[in-house]
Amino acid sequence: MWAAIRVSPPAAATSECISVRVAPTNDDPRWGPVWEADYGPASVTVRVGSGTQTVVAYLDTRVLDFLGRLRAPEPPEQISPDTAIGRAVRYLHLAGVALDDLVPWYVAVSDTTDRADGTSRQYTVIFKRVWSGVPFRYEDQRVTVLMDARHGLLIGFGAVLAAVTPAQTGLSVSPETAVSIARDMLSSLESVMQPAGPSNVQLQVVLPNGIWPDWKSPRSRSEMPTTLQARLAWVVETPTRNPGARVEVWVDTVDGSILGGAIKVSMGRAEPPAEFAALKAAFASCRRLTLASVGSSKGSSGAVTATRSLSPEKCPLPFYGALADLTPWPPGRPAPPLRATHRLGITLKDGRTDLWDYDARNGTIGRSKKVIARAGVSLRQWVSPVRWSPAGTGAQAAPAP
Amino acid sequence: MDNGEAGTYLRETAMVVEGGQPCAVPEHGACPAAAVHGAGTEAVVLPADTWVARLLPVARRLVATNVRVAHTVSPRPHPDGRRPGSGHARREGLSMTHRAATKTLPLRGICVVATIIVAGLAPARADWLMRVPASGPMPRYFSGTNCTTSGWAQWDGFPDPVHFLDKIELWVNDRRVAYREYSKCFPEGDELAAVFDSTEFPDASTIVVTVKVHDLEDPPEVWHSASNQTPAYNKGFVFGNEIPMLGGIGSLVKGYDVAQSMADSLRQDHHTVQPVSPTVAVNQHYDAILAAVPSATALACYTHGDTGILGDSATGTPQGHWMTAAQLGAACGSKTVDQPPYNWVFVDACNAGITKDIAVAFGVDVFVGPPSPDRAFVGWATYMQDNTSLQMWPRRLYQYLLAGQRLENSIGSANQAGKPLDDFDNPADVKLYRDARFKTYKMCPRAPRASSAGRWTHRPEGVRDAIRNPTHTGGQTSLVRHDHTCCLPGNERSGAGSARGPARMPGTHPNSRS
């Protein structure tokens, strides 16, 4: 199968293939130009990047049909998250997806229906793309792998990886300057876009979409990228006067130009836990990150064995990248027990150091064995770098630098 | 009656015809095992060749005088107690479009003669009885993707003459949705059923269901048919929440675009969508929504929500209102008998799917099967964020649904390209209630699904391609088709409907006389 579809589109129409077409135009342009082929009567749908000639999406409805006859696997019958990641990596490797920039970000079993069966209970493994220690925005670049929860059978995957990595690496514009540029721009807009609170800034790789200042036009409202050439940007997030709304303004790190942004509005009445606000504030005023391994062997419980650090002066991209993409653990979702493998030290502006527990096995941060947030992929990569084995058989943790 | 008696009988009949003098009508019970069938422009005599030779001149004479036999009402009760023919059909409000049933006799004398002939030769009431649907009344509407229809045909050749089905077909408008051919053994009657989608047809258009049968003794071009009709009912309601700056009265920023794309998708699904324009769709107040709920069979919205409650277009502002599941349920409960239940509800709002309250309110989660109707409710089970990932997700979902994929596959396909981010920037999972194998459109005609412990059986996919492109060979099933190579009791194939009683080999009918 793979050999048949890893070829140019015309040749993809083998005898097994019943149709080949250009992928639907109303789909996300971040896929890049792709061909879509069906194998069997609507059984397997494959998307092949026309430039990369790799499989970028795959969905096997035969597996869904098969799994639909099975009962939903209970937790003891499910594969472990590590096994799920290993399976996902292997599938992506077989499909020809470049794994070098990918870091696992989300691994979970979820049910689509209230009457779960083998089809509805699936593993979702999501990888984010990282470039030079800086994460891409989730909307722009990601890989999602859906698998059977019992055996890890591949149901489908989608690899949105068409972006071209940034050409610039400099951080000529400081985060403070970026914030003032963004707020000045927002102040010039209509009242609903006026800043209504302090801004938060992160370093991310974005695909410019140029929605500012004409944010009301139909093209801007779709927030689709205008180019697949990615740029390094300060993503300035600011609450506005529209209730529950936060807007992102992406400021180029080299010339301070506004590359685009996004508008996000909370649709519910959710509030993140209070501890998360403290952690986020600490990240916002961080001047140095230190990491100490926590001994887990008998007799060394809690002992700090090694220390590493990141600072904006020595390695700015990994430092700012590690601070990006922090997400609160969703309230109400059961959290895994936090077993600290590392102690994260956040040196604040005033010189104090805030200590947090970090669990490298699932990238969670918390205190007192309570999970509060999930670290961004860059921080995870810094704590325990992942080198994918050449055969794509799974992850191998590289020795710490 | 042996052949000699039949010959005498025929000669007498011929004399009557030629002489124009009436004579006593033989009792049906004395009728030979021959039938002048069809009473159209042709007549076929069975079974003996000699009978054919003798009867053909009579039949030709009938044809030459343009006499069409209208044997639509039988004065005799059917052996099983019901009235045969279209009289029986009319009683149930059904139509019978048998060729013979629509013709009249121009001349009284000829009428008498023809009546005599037919009564004597071909038991006048003997004909193909057909009903659409096979049992019960025609529904008041066809709505949704699990519309079931059926047709029944039975030879009414009492007391004895036996005719056999060669083929039976069920058509919905101009599409043959099920058929059955018999090759070695032939039944006297059969029943076909099929499931189709009202969304294949424009809202309010007439859907005509026709059962067609071909008699084994008829020429290939002669078919008998009966039809019945009812309208399609596909009405969608869409609303969104959008900030005033973008034309709405609410607080979200993607409501207009999502409402527009969802309305477009429903229109592709042959729904009449209200409101007509997205500008109106993002200006729907609480009372207007509740007033519109009863008439629709599909609803899609993009607004605020929480467990068991749903916001209107203004929610998030001081003018906004919340609709509780109870209020929505009451609105759905006010549907009239002419307003079908909901088939599809997609609530793009926070926590709408965290419980089944809203699904139950719309009646989508009510279990009435098996076989249960093709209904589904989809909503989010967490606090969502009005962002581009959520804007794109329903577009992808509809894209795959409109391509004919089942709901569970469509959700998989939409997720495969990326799950939307919730209010905490975590990937969100959608929750669906009811039928995971729901489809919205382009359902192939298919056999009614047998249920196994409440689980849908597999629906063949790719069949629509086979219908539209006969050369397509990719489909596993090109049509719901079943050849009865042998249909002796206990050895029939089941599928597109079931044979109404075991079919029999010719000559094995218990009433046949040999």
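Let me start at B:Phe362, which touches B:Leu299, B:Leu328, B:Cys332, B:Tyr342, B:Val345 and B:Phe377, leaving aside residues up to four places away in sequence. Touching, or contact, here has a cut-off: the C-beta atoms of two residues, placed from the backbone, lie within 7 Å. Before I go on, this is a predicted model, where local features need pLDDT of at least 70 and side-chain atom pairs count only at pLDDT 80 or more, while totals for chains, interfaces and linings use all residues. Residues are numbered from 1 along each chain as its sequence is written, and chains are lettered from A and ligands numbered from 1 in the order in which they are written.

Back to B:Phe362. This residue is among those with the most contacts inside the largest nonpolar core, together with A:Leu92, A:Val143, A:Phe157, B:Val238, B:Ala259 and B:Val345. That core has 180 residues. Its largest share, eight residues, comes from helix 10 of chain B, residues 388–402. Apart from it lies another core of 35 residues, including B:Cys147, B:Ala194, B:Phe201 and B:Val211. Two terms need explaining. A nonpolar core is a set of buried Ala, Val, Leu, Ile, Met, Phe, Trp, Tyr and Cys residues joined through C-beta atoms within 7 Å. A residue is buried if 20 or more other C-beta atoms lie within 10 Å of its own, exposed if 12 or fewer, and partly exposed in between, with C-beta atoms placed from the backbone.

Now chain B as a whole. Of its 514 residues, 57% count as buried. Chain B has twelve helices and 18 strands; these are DSSP runs numbered from the N terminus, helices being H or I of at least four residues and strands being E of at least two. Among contacts in chain B between residues at least 6 apart in sequence, 70% join residues at least 24 apart.

How many residues of helix 11 of chain B are buried? The count is ten of ten for this helix, residues 407–416. Among them are B:Leu407, B:Glu408, B:Asn409 and B:Gln416. After helix 11 of chain B comes B:Gly418, with a positive phi near 130 degrees.

Next, a sheet in chain B. Three strands form an open sheet in the order 11-12-13, with antiparallel pairing. Strand 11 (305–306) and strand 13 (322–324) of chain B each have a single partner strand, so one side of each is left without a neighbour in the sheet. Helix 8 of chain B, residues 325–333, packs on this sheet and touches strands 12 and 13 of chain B. The direction of helix 8 makes about 70 degrees with that of strand 13 of chain B; axes are lines fitted to C-alpha atoms, for helices over the stretch in contact, and angles run from 0 to 180 degrees between N-to-C directions. Strands 11 and 12 of chain B pair over two bridges, and pairing requires that DSSP finds at least two bridges between two strands. B:Gly305 stands opposite B:Leu310 in strand 12 of chain B.

On to chain A. The domain assignment gives domain 1 (2–160), domain 2 (175–265) and domain 3 (274–385); such bounds come from an automatic or database assignment. Nine residues of domain 1 of chain A are in contact with ten residues of domain 2 of chain A. On the domain 1 side, five are nonpolar, one is polar and three are charged. For these classes, Ala, Val, Leu, Ile, Met, Phe, Trp, Tyr, Cys and Pro count as nonpolar, Asp, Glu, Lys and Arg as charged, and the others, Gly among them, as polar.

A:Leu102 is in strand 5 of chain A, residues 102–111. Why does A:Leu102 count as buried? Because A:Leu102 has 24 C-beta neighbours inside 10 Å. A:Leu102 touches A:Phe127, A:Arg129 and A:Val143, again not counting residues up to four places away in sequence. A:Leu102 and A:Trp388 are 286 residues apart in sequence, but 9.2 Å apart in space, C-alpha to C-alpha.

There are also two hairpins in chain A. Strands 18 and 19 of chain A have four residues between them, and there A:Gly363 takes a positive phi near 70 degrees. Strands 19 and 20 of chain A have two residues between them, with A:Ser368 at a positive phi near 55 degrees.

Last, the two chains together. The contact takes 52 residues from chain A and 54 residues from chain B. Strand 13 of chain A and strand 16 of chain B pair in the antiparallel sense over two bridges, and A:Ser266 stands opposite B:Gln385.
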